[in-house]
Each structure stands twice: as structure tokens, then as C-alpha cells.
Amino acid sequence: MSLTSGVRRIVQGGAVLTAAALVVSGCSSSGGTKNSGGNSTPPAGGSSSPAGSTAAAPKGSPIKIGVIASLSGAQASSSNQSETVAPAWADYVNKQLGGINGHPVQVIVKDDAGQPTTAASAVNELINQKVVAILVGSDNLVPAFDAAAQKAGVPLVSGTANAADWYTKPLMYPTVTDVASGLIGQMIVAKQFGKATKFADLYCAEVAACSQANAPLKATAGKMGVKFTALAVSATATSYTAQCLALKQQKVDYAQLNFSTEAAVKFVKDCQAQGYNPTWGSSGQAIGKSHTKLSNFTAFGPAYAFPSASTGGAFDTYASAMKKYAKDDNWKYGAATFAWTGLVAIQKALASVTPTATATTTDVVNGLDAFKEETLGGITANKLTFTKGKPVPFLGHPCFFVIGVKDKKITVPAGTTPICPPSS
């Protein structure tokens, strides 16, 4: 039985997928509206405008794109990067590309504040403001508002795509590795890059669903000849000495930090103080600036959107645009490249809008539904194909990049070539 078929048998309904979502985002811990006339991405298709060049100011009708993410609240540290990336993407598109076919881009950024009612209200406001699409910069609360967007005919484009709704509902367009495949990715990276012989899933104690990721992780570990154990970790604990000593005694050589980002950093420090410093596991969305401040810290993990340290081609366009237009360095961490990928997808979908036309939600939907093995110039791990009225299936986007941290720097251990687990 293949790795993917094994996980498919275990992942039933939303329970394990909810757990996987928490695992993928690292359960990170750490509203309002922000309106920007700019901040953008490389032209879809891979071509780019040099960072120093400028284009004539776009004079067509504005294209409004909504953005929603957890800019504040418990999940903000791995979710708030859209606030940096989206305005910078719009500036890049407007100032260096002359807009999208002569139409200026306007992004309207909303904070869901980690509250379902706030998220629902924010999306209703975006719908009323006539946005042609909504980038879900972080999808912690997408079930609170996706029905409203679907009723209004407004497509939702990821961003992060950890919620089960992306794979069960129409008018939802995940652009990154799917959440179920992420569990497979954790184990592949642990074995191939971390040389793991015994893997520990250190999962969040505060959320019952976190423990449900253990079954598919254990099954995948067994198929790969890796020993498996799991340990619940509280993000509010004052000391992790006991857990560190237990892992050391069990001879765990790869510890996956599937809980709060800041608590994970404290966990590492406590373990190092006990003389225990295995190779650590993380993920692209969970890695933050605090990880790059740790001494003697080596980590690997799957990245469902390209790592910010990637170089060459369209990856360089991202870095140069962010360095020129971003308000801070948060574009290097968390869900930043997820947001860029989704915005480039929307840009590509609108490529056929003429300079004299007014862009609509239908234009975005038709453009996205026309994607056939689209890689957006090589920045996606998977070749994106969307079918009208049908969601992308679970395990439908199985490929991923690899991210790492070593010597206080974010690394790209596998380069820019995605890893795709065997399907049979």
C-alpha cells in the first residue's frame, strides 16, 4: 500500500483534517480594515519586471481584491503575514507592471481577530465592497464565512488551505499543498532530510483534535521504517524539562514541534539546557523569526508554499518586490508566500480582462477554472488544475517544498524542486 493510500484510509471526514490543519500551522500563538492601492506579485507565467523599473500609471477601472487573515488573536504569529504581503503585491503590480492590463489593483485587508463572528462580518463587508475575489491569507476561520462568499458568487483563493472546506466545497481554490498530504510530508522530510530513526509528534494539548493527527502520522512512519511516539505539550507550561528528559530517555532523534510557535522555541531552549538537542521538525507556515534566533538549532519541514529563501526566476521577483515595497520583514515568515501565491493566481485568472472592461467575480472564476497544470511561473509545488463546480479532492495537491533552519537562517534543503510522494 502506498503512503497516500494509507493516509486516505485513515483520514475520514473533517476530524483528522482539523488536526492536520493545526499541525500544519503549528497552532501558532503570538480587527480592522486596511485599504491599499498596491502591493503585488510577479506576472503570472513567470515573467517579471525588474525591481527598479516603473510602468505607466494604470488608468482602467480599479480591481478590488479582498484579503482576510488573523492579523491579531491567538493564531496571528503564523497568520498575519498577508498584512505585509498583500499591500506590497499591489504596489508592485501597479507601479512596476502598470496594473493588470491597465487596471489598478486595490487590496482591502480585513482582520478576523481570531473570532468567527468577526470573520463573518468582515467577509460580508468585503462582499458589499464589490471585491472580485477574496484571498484567504490564513484560513483558521474559513468555515465561518465560506457559505456567504459562495452565495454571493465570490471566489475564495488560498493562502493557507488547512480547513477541510477547501476540499469539499465549490468556489474554493486551494493553491498550495493539501492538508492531508502535509502529514505524509512531515514524515518524508523527517526520514529523508532529518535522517530520523525515531519520530516524536509533539502536539498541542489544548485542542483535542491535535491528537487525531497521530494515527496517520504513525501509519506513515510504520511504512517508512521509522519508530513513532507522541507527546501532548501545553503551550502555557512554565517548564518543559520533564518532557525533554522523557524524549531523551526514549532516544527520539527527530522531534516534530506541532504546537505554538513561541512555546516551541521555549521547548527547544529547555531541552538544550538538559543536553538534549535532536533534529527538530516544523513546517513552512510555523517557522517564524524567533526560530532564526535559536543557537545550535537545526530543523526541517514540508513547505506547502515556496520558502521565502528560494532563489531564481519568479522567486527572485518575490524577494525583490518585498524588499522594495513591504513595510517590514514579515514577508520572510509564516504564511507570507502562501498569500503571494494566491494573489498571483488571481492575477493570472484576470489576464484576459481587457483594458476597457470592468473586472467581475465571473472573470476570476472563469479564469481559475481554466487552469490546467498551472504553476504560476514555477512558484507552486503542484500543477494547479481546477474544474468548474468541483473542489480539489483530498490528497489532490500532494507535492511540497522543503524548508529548514540552520545557523540562524532559513534554508531550502531540496532547492526549488518539489517533492511528490508516490501515489501507488
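**Aromatic pairs.** I searched the whole structure, which is a predicted model, for aromatic pairs, and the search returned 16.

I next noted Phe199 and Tyr254, an aromatic pair that is stacked, with 5.8 Å from centre to centre and 15° between the planes. Phe199 is in strand S7 and Tyr254 in strand S9 (residues 254-258), so the parts tied together here are 55 residues apart in sequence. Phe199 is buried at 0% relative accessibility, and for Tyr254 I also found a relative accessible area of 0%, which makes Tyr254 buried.

I also followed the ring pairs that link up into a cluster, and its members are Tyr92, Phe306, Phe315, Tyr318, Trp331, Trp340 and Phe401.

**Helix packing.** How do H10 and H11 lie to each other? I found that helix H10 (residues 313-325) packs with helix H11 (residues 336-349) at an angle of about 105°, their axes being 12 Å apart. Since angles of 65 to 115 degrees count as roughly perpendicular, I recorded H10 and H11 as roughly perpendicular to each other. On the H10 side the contact is made by Tyr318, Ala321 and Met322, and on the H11 side by Ala336, Thr337 and Trp340. Sorted by class, this contact of H10 with H11 has five nonpolar residues, one polar residue and no charged ones.

**Nonpolar cores.** I found that the largest nonpolar core holds 84 residues, and that Phe267 and Trp340 have the most contacts inside it. H11 supplies the largest share of this core, namely eight residues. I listed the contacts of Phe267 beyond its neighbours within four places in sequence, and they are Leu202, Val233, Tyr240, Gln243, Cys244, Leu247, Leu257, Phe259 and Trp280. Another core, of 49 residues, lies apart from the largest one, and among its members I noted Trp166, Ala190, Phe193 and Leu395.

**Two loop positions.** Is Gly114 buried, exposed or partly exposed? I placed Gly114 in the loop between strand S3 (105-111) and helix H4 (116-128), and its relative accessible area of 35% makes it partly exposed. Gly114 and Leu71 are 43 residues apart in sequence, yet their C-alpha atoms are 8.1 Å apart in space. With neighbours within four places in sequence left aside, Gly114 is in contact with Ser70, Ser72 and Leu141.

Val353 and Gly102 are 251 residues apart along the chain, and I recorded a C-alpha separation of 9.5 Å for them. Not counting residues up to four places away in sequence, Val353 touches Asn101, His103, Ala359 and Asp363.

Note on methods:
Residues numbered from 1 in each chain as written. Predicted model: local features only at pLDDT ≥ 70, side-chain atom pairs only at ≥ 80, totals over all residues. Heavy atoms only, no water. Phe/Tyr/Trp six-rings, centres within 6.5 Å; stacked < 30°, edge-to-face > 60°. Helix = DSSP H or I, 4+ residues; strand = E, 2+ residues; numbered from the N terminus. Buried < 20%, exposed > 50% of the residue type's maximum accessible area, 1.4 Å probe, protein only. Axes fitted to C-alpha atoms, helices over the stretch in contact; angles between N-to-C directions. Parallel < 35°, antiparallel > 145°, perpendicular 65-115°, else oblique. Contact = heavy atoms within 4.5 Å. Nonpolar A, V, L, I, M, F, W, Y, C, P; charged D, E, K, R; others polar. Core = buried A, V, L, I, M, F, W, Y, C linked by side-chain atoms within 4.5 Å.
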